[in-house]
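Notebook open, viewer open. I want to go through this one feature by feature and jot down what I find.

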Amino acid sequence: MAPGVKQAIEELRIQYPNYAIKIAADKHGGAFVVIEGMPLGSPYIQSDTWVGFHITYNCPYADTYPHFVRSDLSRQDNNPPGEGMTSGHSFPQQSELLDPNSMPARPAIQVSRVSRRREATETPRLKLIKVLQWIINR
Amino acid sequence: MDHQSLATSKYRLIVPGGLFSRLHYHLFPGDGDEHGAVIAAGMAKMPDGSINLLARYLYLAEDGKDYVPGKRGYRMLKAEFIRSCIFTCRDEKLVYLAVHNHGGEDSVGFSSDDLNSHERGYPALLDIAAGMPVGALVFARNAIAGDIWLPNGKRVALESAKVLGTSRKILTPAPVLCKVSVDPAYDRQTRLFGDAGQDILRDTTIGIIGLGGVGAIIAEYLARLGVGNFVLIDPQKIEISNFPRIVGATRWDCFAFFQKEFWPSPVRSLAKFLSKPKVKIAARVIRQANKNANIKPIIADTQSKEAVEALIGCDYLFLAADSMSARLIFNQIVHQYYIPGVQIGSKISHEEKSGDLTAVFSVVRPVNPEKGCLWCNQLINPLKLQEEAQSEKELKANKYLDDSNVIAPSVITLNAVGAAHATHDFLLFITGLMSPQASNDYARYMMLERKSEIVEPRRDEYCSECGTASGSRLGRGDQVPLTLKY
C-alpha cells in the first residue's frame, strides 16, 4: 500500500481503537476500509451501522468519497434517508480488489458528501468524522 | 544509492534564488572579510548518473558567535553551531555542507588550511551523518568550489552550482571555456541572446506534459528556438475533435475519412485505434524544425515510472495537461527535485442560462521552489484526484448525480497566448536575461477585456509540498516517494 494510505489507516485505528476495522487492498496501492458498529443517533431505527470507503493511492491529497452504510438504514420518522443518500449500491467494487476474496460485497446506501472547500488537507479520518456527524444530524 | 556509483558521479548543487541571495549577502556584505554558514541539502540521482545536492536549509553563522577566529586557520565554525546543523542533517537525512567565502570574483579554490581542516573534522562528521555525505563549499563572488566527502571515504569535487532565480545562473570553480557554435539559421534570434545563449538552448532538456492544444504549440516554439532535448509525455491519441488545435497534425493522423458516420462501427473503431499518438505528432513537428533534436516520446501519463524518471532528468518542465494527477506529480517534482516549471491553461466559460460568454482567459503559472505551489493555491482538486484514481467501473457505480462529462471549450488562438508567454519566460530564464526584478507571479490574460492581471500565489509554511517546515517535500530529492499509482 502507498505510504499515505498506510498512514491514513493508522490514524483511523488510533481514532477508533475499539472498533473492528477491516482492510482490503486495491490494485493500485489504495485500500477499501470497513469500520463495523459505528453508533447512529436518534433519527434512525438502527443503533449502529458499518461504514465503508475507498482510500485511493493518492491519499491524503485525494478526497475520500463516497461513503457507504448499511442498506437497511431507516429513519424513526419513516422519511427516506434524504438528499445525498442513495440506495441500491454495493461496497466494495469487487473488480478493484487486489485479492478478489478479501472483502465480500455488501448491499449499501451511498452517502455522497463532497469536500468543496479545502481549508486544510482533509485526511480520511477527518472526512469520516464529518460524514458521520452529517449522517447523525440529518 | 550504492557507494560505488556515488563515488563516480558528477555532483552539482542546486540553490533556489532567494536562499542564494541571502547567502550571498551574508558572505559578501562589502567588508571584504570571510563569513560562514551551513547548507543542509537533499540528494537526488539523475537519470544520467549525476548527483544533485538540493539546498534546503540555510544556517547563517553569526560573526563572533558561530564563526570565530580559528585555532589553525583564519576562521572556523564553532562546535556548537556545527553540532546543531549536523544533527539536523542526520535526523532529516540531508547532506551537511559547511560554507565560507574567499575574496576574488570569477574563480575560487580551497586553501591548504581549508583542506587540512576537512581532513581533521570530516571523518567524525561522516560518523554522525549516518550514511549521508558531508562536505564544504567555498564561494567567490561569481564562483564556487566544493569538496564532498562520501560515506565510503572517497572524496569528489563539486562540478558546478545552479542558482534558480528569475534567471538561471551557473557557478563553477573557474570560468569554463566554451567553444560556441554558430548556426546562421539562428542568426536573427541570437541577436537577442547571443550564440552562447543558442548553445544553452541546444544543451537544455525540456519536459512537456500534455501534447494537446497548448503542449503542441510549446513543442513547436521550443524546437524552432533550437532547444536540443525533449521529453514528451501524453497517453492520448489524436482525435477528429482536437486535430485542428494540434500544430502539425493532419486529417490522416486521425484517419478522419474512416471515422465518418457512414462507415460501419468496426471500421471507425479501427480508425480510432490507428490514430497517431499526440507525442508522435509533436516529435514529427520538432524534427521538422530541428533535425538534431533528441526526443523521448512517452505514450503514458505522469503515473508511469518511465515518465517520472525522464522528467526528473529535465532542466525545465511545461505542464500543459488537464488532469489533476499530472498537476500533483508536476508540483511534487518541481519542489522535491528543484526543477523549475510552468503550468499553462486556458478557460472559456458561459453564463448557464443565457449562454453568454463570461470569461475567456489564458493563465501562465510559474512554479518554482520558492513560490507557493499548486497545492497551496488550491489548484489541485481533491475530488478530481480521487475520481482519476478510480476505475471507470467504480466511477460509474458511484456517480451520485447523473452528470455527463463536461467538454471544455478550446481555441488555438487562446492556447497560443499562454504557450507564447510561457516559452518566452523560459527563454529569458534559461539564457540569464530575465530582469532580477521581474515578477514570478501568476499571470492571467483576459481576452474579452484585453487586459492582463498578475496574482501573487500564497505560500503555506506548513505545506506538505513546498513548505519550509520539516516534513515537507521541499528539496528532499530521492528521500521521499512521489505519489504514484502502484
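Before anything else, a term I need for the first entry: a cavity is a set of grid points where a 1.4 Å probe fits but cannot get out, and a residue counts as lining when it has an atom within 4 Å of a point. I also remind myself that this is a predicted model.

**Entry: cavities**

How many cavities of 30 Å³ or more are there? I get one cavity at that cut-off. I noted a volume of about 50 Å³ for the largest cavity. Which residues line the largest cavity? From chain A I wrote down A:Asp26, A:His28, A:His54, A:Thr56, A:Tyr57 and A:Glu96. From chain B the lining takes in B:Ala389, B:Gln390, B:Ser391 and B:Glu394.

**Entry: the open sheet in chain B**

I traced eight strands of chain B forming an open sheet with mixed pairing. Reading across, I get the order S13-S12-S11-S14-S15-S16-S17-S18. The edges are S13 (294–298) and S18 (451–455), each of which pairs on one side only. From one strand to the next, I have an average twist of 15 degrees.

Next, what packs on the sheet? I found helix H8 of chain B (residues 278–289) touching strands S12 (229–233) and S13, with its direction at about 160 degrees to that of S12(B). Helix H10 of chain B (residues 324–337) also packs on the sheet, and I count S11 (205–209), S14 (316–319), S15 (341–350) and S16 (357–367) as the strands it touches. The direction of H10 makes about 160 degrees with that of S14(B).

**Entry: the S17–S18 end**

I zoomed in on S17 (residues 442–446) of chain B, which runs antiparallel to S18(B) and is joined to S18(B) by five bridges. B:Met446 in chain B has B:Lys451 of S18(B) standing opposite. The loop between S17 and S18 of chain B holds B:Arg450. Is B:Arg450 buried or exposed? I have B:Arg450 down as exposed, because its relative accessible area is 80%. B:Arg450 is not a glycine, yet I read a positive phi of about 55 degrees.

I located B:Ala130 in the loop between helix H4 (112–128) and strand S7 (134–140) of chain B. At 40% relative accessibility, I log B:Ala130 as partly exposed.

Which peptide bond into A:Pro60 did I flag? The one joining A:Cys59 and A:Pro60 is cis, with omega about 10 degrees. I placed A:Pro60 in the loop between strands S3 (48–55) and S4 (67–70) of chain A. A:Pro66 is found in the loop between S3 and S4 of chain A as well. The bond from A:Tyr65 to A:Pro66 is cis, and I read omega near -10 degrees.

**Entry: cysteines**

How many disulfides are there over all chains? I end up with zero. What about B:Cys85? The closest cysteine sulfur is in B:Cys89, at 6.9 Å from the sulfur of B:Cys85, so I call that too far for a bond; the cut-off for a disulfide is 2.5 Å. B:Cys85 counts as buried, because I have its relative accessibility at 3%. I also noted B:Cys254 as buried, with a relative accessible area of 0%.

Key. Residues are numbered from 1 along each chain as its sequence is written. Chains are lettered from A and ligands numbered from 1 in the order in which they are written. This is a predicted model: local features need pLDDT of at least 70, side-chain atom pairs count only at pLDDT 80 or more; totals for chains, interfaces and linings use all residues. Side-chain values use heavy atoms; hydrogens and water are left out. Two strands pair if DSSP finds at least two bridges between them. Helices (H or I, at least four residues) and strands (E, at least two) are DSSP runs, numbered from the N terminus. Axes are lines fitted to C-alpha atoms, for helices over the stretch in contact, and angles run from 0 to 180 degrees between N-to-C directions. Contact means heavy atoms within 4.5 Å. Buried means under 20% relative accessible area, exposed over 50%, partly exposed in between (1.4 Å probe, protein chains only). On a 1 Å grid over the protein atoms alone, a cavity is a set of points where a 1.4 Å probe fits but cannot get out, and a pocket is an open set with protein on both sides within 12 Å along at least five of seven lines; lining residues have an atom within 4 Å of a point. Grid points are joined across faces, edges and corners, and a volume is the space filled by probe spheres set on the points.
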